Amino acid sequence: MIIELVIIGCATSSVPAPPSPPPLPPPSAPSMPDTAVIPEPDERPGPRAVASLQMTEQGRELLERNKVDDAIRVLERAVSLNPGNGQNYYYLAEAWLLKRNIKQAEEFNDLAGTYLEGDQTWMVKVEEQRKRIQKSSLAPQ
Amino acid sequence: MGQKAKRKKRQAKKSGWKLFRIVITGGLVFAAGLVLYCWSLSSQIEKRFSGRRWSIPSKVFSDITVLYPGQTINRELFLSKLYRLGYRKVSHKPKQKGEFCASGSGMALFLHDFEVPSQKQEGFPVQINFSQNFITVIERLNTGEPVPVLELEPEEIMSFFSPEREKRQLVSIKHVPRHLIDAIIAVEDNRFYLHHGFDPEGILRALYTNLRHLALRQGGSTITQQLAKNYFLTPERTLSRKLKELLISIDIEIMYTKNEILEIYLNEIYLGQKGSVSINGVGEASNFYFSKPVSELSLAESALIAGLIRAPNYYSPYGDKKRCQERRNLVLRTMYKQGWISDQELQTASAKPVTVSGFMVYANKAPYFIDYLADQLKAFYPPETLSSLGLSLYTTLDTQVQAAAEKALANGLSRLERSYLRLRRSEPEKRLQGSLIVMQPNTGYILAMVGGRNYNQSQFNRITQSRRQPGSAFKPFVFLGALDSFTPASFLSNAPKSYVVDGKIWEPQNYEPDLEERVTIRKALAKSLNLATVDLAMQVGLDRIVSTAKTFQFSTPVKPYPSLALGACETIPLELARAYCVFAAEGVLPHPLSLKEVVDEKGQVLERRHMTIKRVTSPAKAFIMSSMLRSVVTEGTARSLLDRGVTFPMAGKTGTTNDYKDAWFVGYTPDILALVWVGFDNGDSIHLTGAQAALPIWAELMNAIPEYISGQWFKAPPGVVKRIVCSESGQIAVPDVCPETREEFFLAENAPKDYCSVHPPMNILERIMKEMQDVIN
């Protein structure tokens, strides 16, 4: 199309002044979406993730039955299988909160927030848990 | 009668009385002495039996093995593990716990029961199907119900033995099956419930039987006498020892009930040998010969064990099976004759072949790991405690990974010696060395540890005890420290430069000549360019790098010299591996964990240790580091991994020190991290880089443990953005103008905001000229 314009332009008697460069979009606008994920061939949960979820569920049930140490052990195994599952860290934070280890509860809550970013339902829970941890840290030991 | 005769009669009567008095007095003194002696024996017996009766060695266990559908598995390692767990191969569908039957595409397995502090699982039969090296299906054999996650019991790695080296599993008489007790009583002491410690009738009967058959068919000692002999006396055959045995037996019978005596006996008797370790008690014998708890022994198996008592190694089923079977059947016939079993039971049990589970002699499994563990325990559990209290120590060790690590290191070092003559040494203690550690980066679990080439030659643990220079393997910590002010697209000077250090000139060099005088940070790390790294360190500030190193809790001193940027400091390999975990674990530093629980012999948990973490950098920075370390593998010094079958997404860093004294490779994925070191203990040069010496060992290890490779990569966390930048300027690329562009990750707060100033936007005439040129070209 540019070449056609050139040919048309050459046919005219006068050469118009070169137009100014087209305006560029503001550089602050991202050229790529901010949610940067390396495009890996398969994003479906793999077998490790599925197995990890089974253990997450086991861990959750153990917490409900107040078997805190057993829950932590199972959730650690779930983390080993799928470190990217934020729910494991959420439940680990719950477990450490029950054990009154605020420091570890905070660390795991922080990790849960990192991995569950983007999941509205879970982020509400993570935020609520953070508040409970803060409240516990202020409560007398 | 004359007076003389009367006198003689009176004298004789007097002498008779005197003699009678002497005899009675002597008898009373003897009896009193005997009673006193028996009383002193009884206090010895009480002291011995009331306290801790046996030294039970503490056992160390590996972690549970998890299996799930879709898992990639090394079938050879898995099969070895099953054998080590005491599973035995059968040709039919498994009917009993501990049996398995393998076919081409699958395996039917009857799981053992197992109990660990956090769970208890009763064994059940499962079917596991494979497709090449993938598990496709796991389901209950009888019902077809899918099993989403299957757990195999922990493997016993070793025991802390006392000098006696006895292995024993204590059992209560309540859990010993009746037919085992009957079998033992039938063949060893069939009047056990009738006598009071010794049995004269039994002695005479044994003598008669043995003379009749001209063979040692029966012993004359009762069970109580055997116990007295084993527990209190030395084995020499003297009259005094025999008399003492008799008295002790009588004392035992007075002090304890028949069941108490029997229980001690069942736990005491010697029943075989496993290498240098003796098998004592029916609990351990049941496990050693049949890989099952004593309560599950069949009649035939019970008779076999009872038959061993007379001569365990002579009648061992691991020796002459025919002899063992004959002895077993003799026991069964004896039981039948004494009315303990019916004719039907005799026929059925006698017809069974002798099948045992097999065993592996105690080899030094994961010895460096065990030493590391023992070192951590010694404050609370000194060696005397570990060798006597029968504790169970549950660890994080994965025996399959450990086996793969040991093999990879051994193969790698041998390969290097074969390929490079200068690496060979004749004295074993001077040979080329290596070490390897494998961790799960998020939990800190230590899955495998190999502290040296040969533990028997050198127990020095090169993972936990050595201090070596990390060389280029330290560079990621320099680059991490720079991420607040620099980006992966920032440029560094790769030109030769001199620095003055303590009044001396220092001129760092690159390992290989690189003509580019200006390189990006990503490239500088990928290609491990020394000049650019030092340039970065000087711009960032050495104090900043020291401060970054401190947050990673390196215990060795880190001094602010320019050479620090090139890893001219000492580090302990375990701490270096742990530090790399931060990049793999979203910026969190885990505490290295080897021990999970300590449990006493009653099953009470004495101690638990869980994963503990501490954030040392942001998830965003950790991601950027992993992204850059991935370039080391895709474009940089570790790209030879691709030729070695490592095609899954991973990050890593090679490390080579001055004069090539140390070769390192640290590589990781979201699921696993491994560090390899190669070098000489005496600091001789190996003349090889990390990529040449350590990387191949890492590759061999990873290829052997596919179950740990998910193929996943890290997801960019909040705070990370991606931009297309101009390769020449590092600024945002002008579309259709910048000739060479690439995608790059940035921290959101220091992502480039300006368009490329090197390639400004073209006006319409310039665009026309460009298009014409493109058409001509």
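This is a predicted model: local features need pLDDT of at least 70, side-chain atom pairs count only at pLDDT 80 or more; totals for chains, interfaces and linings use all residues.
**Entry 1: the chains on their own**

I began with chain B and its 777 residues, of which 46% count as buried. I listed its secondary structure and got 23 helices and 30 strands. Next I looked up the radius of gyration of chain B, which is 37 Å; the globule rule gives 28 Å for 777 residues, and the value is well over that, so chain B is more spread out than a compact globule. The C-alpha trace of chain B spans about 170 × 65 × 50 Å along its principal axes. I also checked the contacts in chain B with a separation of 6 or more: residues 24 or more positions apart account for 68% of them.

Then I turned to chain A. I found 6 helices and 0 strands there, and the pattern along the sequence reads α-α-α-α-α-α. Of the 141 residues in chain A, 37% are buried. For contacts in chain A between residues at least 6 apart in sequence, I noted that 49% join residues at least 24 apart.

One residue I followed up here was B:Glu586. I located B:Glu586 in the loop between helix H19 (573–584) and strand S22 (588–590) of chain B. Is B:Glu586 buried or exposed? It has 29 C-beta neighbours inside 10 Å, and the cut-off for buried is 20 or more, so B:Glu586 counts as buried. I then left aside its neighbours within four places in sequence and looked at what B:Glu586 is in contact with: A:Leu111 and A:Thr114 from chain A, and B:Pro619, B:Ala622 and B:Pro717 from chain B. I also took one distance: the C-alpha atoms of B:Glu586 and B:Asn454 are separated by 36 Å, with the two residues 132 apart along the chain.

**Entry 2: H17(B) and what covers it**

I picked helix H17 (residues 530–540) of chain B, which is mostly covered, with 9 of its 11 residues buried. The buried residues of H17(B) are B:Asn530, B:Leu531, B:Ala532, B:Thr533, B:Val534, B:Asp535, B:Leu536, B:Ala537 and B:Val540. What covers them? The cover includes H15, strand S18 (491–493), strand S21 (518–520), helix H16 (521–526) and H18 of chain B.

Phi of B:Ser528 is near 55 degrees, a positive value in a residue other than glycine. Most residues other than glycine have a negative phi. B:Ser528 is buried, with 27 other C-beta atoms within 10 Å. Just after H17(B), B:Gly541 has a positive phi of about 105 degrees.

For another non-glycine residue with a positive phi I wrote down B:Asp736, with phi near 65 degrees. B:Asp736 is in the loop between S29 and strand S30 (741–747) of chain B. I count 12 other C-beta atoms within 10 Å of B:Asp736, so it is exposed.

**Entry 3: two helix pairs in chain B**

Helix H15 (residues 475–482) and helix H18 (residues 542–551) of chain B have axes 9 Å apart and pack at an angle of about 110 degrees. That makes H15(B) roughly perpendicular to H18(B). H15(B) passes H18(B) in a right-handed crossing. H15(B) makes the contact with B:Phe477, B:Val478, B:Leu480 and B:Gly481, and H18(B) with B:Arg544, B:Ile545, B:Thr548 and B:Ala549. By class, I have 5 nonpolar, 2 polar and 1 charged residues in this contact.

My other pair was helix H10 (residues 321–337) and helix H11 (residues 343–351) of chain B, with axes that come within 10 Å and cross at roughly 175 degrees. That makes H10(B) roughly antiparallel to H11(B). H10(B) brings B:Asn329, B:Leu332, B:Arg333 and B:Tyr336 to the contact, and H11(B) brings B:Asp343, B:Leu346, B:Ala349 and B:Ser350. I sorted this contact of H10(B) with H11(B) too: 4 nonpolar, 2 polar and 2 charged residues.

Methods. Residues are numbered from 1 along each chain as its sequence is written. Chains are lettered from A and ligands numbered from 1 in the order in which they are written. Axes are lines fitted to C-alpha atoms, for helices over the stretch in contact, and angles run from 0 to 180 degrees between N-to-C directions. Helices (H or I, at least four residues) and strands (E, at least two) are DSSP runs, numbered from the N terminus. Angles under 35 degrees count as roughly parallel, over 145 as roughly antiparallel, 65 to 115 as roughly perpendicular and the rest as oblique. A crossing is left-handed if the near helix is turned anticlockwise from the far one by less than a right angle, and right-handed if clockwise. Two residues are in contact if their C-beta atoms, placed from the backbone, lie within 7 Å. Ala, Val, Leu, Ile, Met, Phe, Trp, Tyr, Cys and Pro count as nonpolar, Asp, Glu, Lys and Arg as charged, and the others, Gly among them, as polar. The radius of gyration is taken over C-alpha atoms; the globule rule is 2.2 Å times the number of residues to the power 0.38.
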